[in-house]
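Please look over the sequence and the structure shown here before reading on. The paragraphs that follow go through them step by step.

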Amino acid sequence: MSLLLGPMCQHIPGKKGLTDHSDVKRLMPKKEVYIPLFAGNNSQIDLLVSEGDHVKIGTRLANTKSAFPVPLYSSVSGTVKGITKRPHNSLKPQQHLVIEVDEQQEVQQAFLPMDWHKANREEMLEFVKESGIIGQGGAGFPTYVKYQKVENINTLVINAVECEPYITADYKCVMDYPEQFVHGVRILQKLAEVDTVLIGVKKTHPDLINVIRQEIEREHAAGIEVREVPDVYPMGGERTLIRQLLHREYNRLPGECGVIVNNANTAILIANAFELGQAQAKKYVTFSGEGLKYPTNVLVPIGMAVNEIIEQIGGYIEKEETLKLIAGGPMMGKTMVSDLIVIDRAMNAVTVLKNHDEEAMTCMRCGSCTQHCPIGLQPVRIANAVKMNDAAEMEKRGAMQCIECGLCTYVCPSHIQVTENVRKAKRTLMMKAKKK
Amino acid sequence: MKFAFHVSPNLQSKHSTQMIMRDLTIGLLIVFAASVIYYFAAWGPAYGMQAIILLLCSLVTTFVCEAVFAKVKKQDIKSVITHSFGWVTSIILVMMCPISITPYAVIVATFFAIAIGRLVFGGFGYNIFNPAAVGRAVIFASFSGVTTNLVTSATPTGVLASTFSWMPGTEAALQSFLDYCGGWGGLLLGTYPGAIGETFSLLILLVGAFLIVRNVIDWRIPTFYLGTIFVITFVIAILEGIEPYHGIPGWLWYPALHLLTGGVIFGGVFMLTDPVTAPTVPSGRIFFAMCAAALTVLIRLKGNLPEGCLYSILIMNTFTPMIESALDLPQLAQMKKAWIMIACAGVLSLCVSFYAATTVKRVNAPRNLEKTALVMPSAVEEVL
């Protein structure tokens, strides 16, 4: 523990045992999938198929027109049925492309594979752009964007930490495809033009560490190293992981200190794209939490509705009103009021918890939030500024740097929704910035 | 078909304010129990009962004040009392009082501590001053002569302040003081008359360690408070040329004397750490504790008061909002500023050392302190 700073992280019981020993269930929708036609706010979708068209797994469905365009590929084979508006995990209803699933499930190559041993960096970057791969860590940022400028990059960090409680999807996925994982890492290593690659894995998963180490050895991959990291939250956050592995700090983006961070799952997608010409079609998703009868990992096509998956794996323990349905893990995931949402490309878990809340008490200024904030903010002071409605102070106290990891609320002994207070400050500041 | 909505995160630790206060209460009661046992054993049942009666008087006053407050604000009485943790204030206040004080003085002091010190600011979490310190200051200011017919000898802290000006300079002077309070062992174990709970230095340190492990108090505050007092008095001992005591050099026993008397350990563990009245940011807490230490020594040596600790806490409480707004940036962005502030507190502490060392004369002659001969009501000579 440092003198002037608190621990800046906290061990949280992982509850990984609910799902990490059971086999992954492969599920298919009975009738339809709903592909979200959504790639971040302010994105226009340019649809390439029309109603009645037959599509295969890997058929290009749409292009997006936004600052960072990403193409969409079909995750199933079947017939396009049109467009419908459904609830979406971005909290607003969005347009979804309805595809009726057929029996055959034909596969077509989404694009031509590329021999990454021979290709040069520019070709590879263009290939990643066309593959439509987005980061699997949760934010869903297009992967190619991180690799556009690599002159100052000297280290690539692969994030296989999975620090959110309950989630084991990344763990399962890498355990199942270690070869693809290491290939993907080597491709990213070449894209980033770095010698050093560090793979962060929690020390509570020694089996995963061994599997990856063996695979690296088998491939004689140079410069790739697995590093154990402690079982604390938010170790999978970019800033905390870089601090742990490299003892570096940065201001806004990891690139400032010469680091690119990518999720483990992203590496597997990259390998499949380069070697097989496959676009992302299916996804490992953890369905866990005390609100589910049989928590498990599932492998489902993108666009499968959450209610259908939960029905197929055994349903809820009680009626919906007393449960919380969270898209993602319990710390950073958002509660959804409807289970009609579908599995989107960057979603790696659905957590169902019982809805009981501890009563909030007066803040006694214990400073726990200040000591645990991974960014080093002072949430209690930001909350005070919110109370005073003092936007200048909110800005000075760094509210905009908050990553909303939720740790301040977790550690608060008075059970105050501290994170929500900081979020209020962020909203106030964003409104103010818009007005200008 | 609607699920419950909740803002993220949807997970909270089991750690709660109730648990923190429970641990703190247990810690305080352990020390209080030791005190009661000591008074029963060393001074007789009347003294032991007196300690218990004082605590009961204070607790009842606290609950009555809070119940009236709840009634006036039309809140549920039970929830106000269980959520404001007034009993902690009560226990601390009683433990700071001498055994000879009358119950009615304790009742008035408790009223001030709870009503003026806390409730008028809005209750638990909003008070500016440590409420127990407010109550104790009221006793100092208004009830210095009010005592029962229970008499003890003069408290060693009082003697140290009044007879030795906090600076026994020779082996003989120290020996006459130590003979009076039962030697170093007596100072460490607390088996001498003083404030009810303040004297049990070793026990309080053990309880403090337990509270630190249980995440009830921040280790930085007691460590830096007691550490800074040690350093300041260490420098004073060297500058004054305080003589060794049976081979123990002056720069070692003199700081130890300061730490073991006058309730600084009690204050550093139980009062300065009160989160409500201390800064929230760790760097601010270090600055806060160091300044409090400098004030404690300054008040002791220049103000010649036994209770430097109490006033230093109250004074530093007023600076808490200022320290917080000075250290308001994201912590990683203000490391340099924090170090500069801490360095300034260090310089301030050294200034206290030099000032005290150059102006206070050490007392070299041994004094004849007959334990049995002194039947002066302790509250009187506490303000001498």
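Two residues are in contact if their C-beta atoms, placed from the backbone, lie within 7 Å. In chain A, 72% of the contacts with a separation of 6 or more are between residues 24 or more positions apart. The model is predicted: local features need pLDDT of at least 70, side-chain atom pairs count only at pLDDT 80 or more, and totals for chains, interfaces and linings use all residues. Residues are numbered from 1 along each chain as its sequence is written, while chains are lettered from A and ligands numbered from 1 in the order in which they are written.

Chain A has 13 helices and 17 strands; helices (H or I, at least four residues) and strands (E, at least two) are DSSP runs, numbered from the N terminus. The radius of gyration of chain A, taken over C-alpha atoms, is 22 Å, close to the 22 Å that the globule rule gives for 436 residues, so chain A is as compact as a globular protein of that length. The globule rule is 2.2 Å times the number of residues to the power 0.38. The C-alpha trace of chain A spans about 60 × 50 × 50 Å along its principal axes.

An automatic or database domain assignment gives the domain bounds. Chain A is divided into domain 1 (27–110 + 279–354), domain 2 (121–276) and domain 3 (368–435). The centres of domain 1 and domain 3 of chain A, taken over C-alpha atoms, are separated by 32 Å.

A residue is buried if 20 or more other C-beta atoms lie within 10 Å of its own, exposed if 12 or fewer, and partly exposed in between, with C-beta atoms placed from the backbone. Of the 436 residues of chain A, 54% count as buried.

In chain B, 10 of the 11 residues of helix H4 (residues 86–96) are buried, so this helix is largely enclosed by the rest of the structure. Among the buried residues of H4(B) are B:Trp87, B:Ile91 and B:Met96. Their cover includes helix H2 (45–72), helix H5 (103–116) and helix H13 (264–271) of chain B, among others.

Helix H9 (residues 183–189) of chain B holds B:Leu187. B:Leu187 is buried, with 22 other C-beta atoms within 10 Å. Beyond its neighbours within four places in sequence, B:Leu187 is in contact with B:Cys181, B:Ser201, B:Leu260 and B:Thr261.

Where the chains meet, the contact takes 34 residues from chain B and 52 residues from chain A. Helix H1 (17–43), helix H14 (282–303) and helix H16 (335–359) of chain B are the elements that give two or more residues to the side of chain B that touches chain A.
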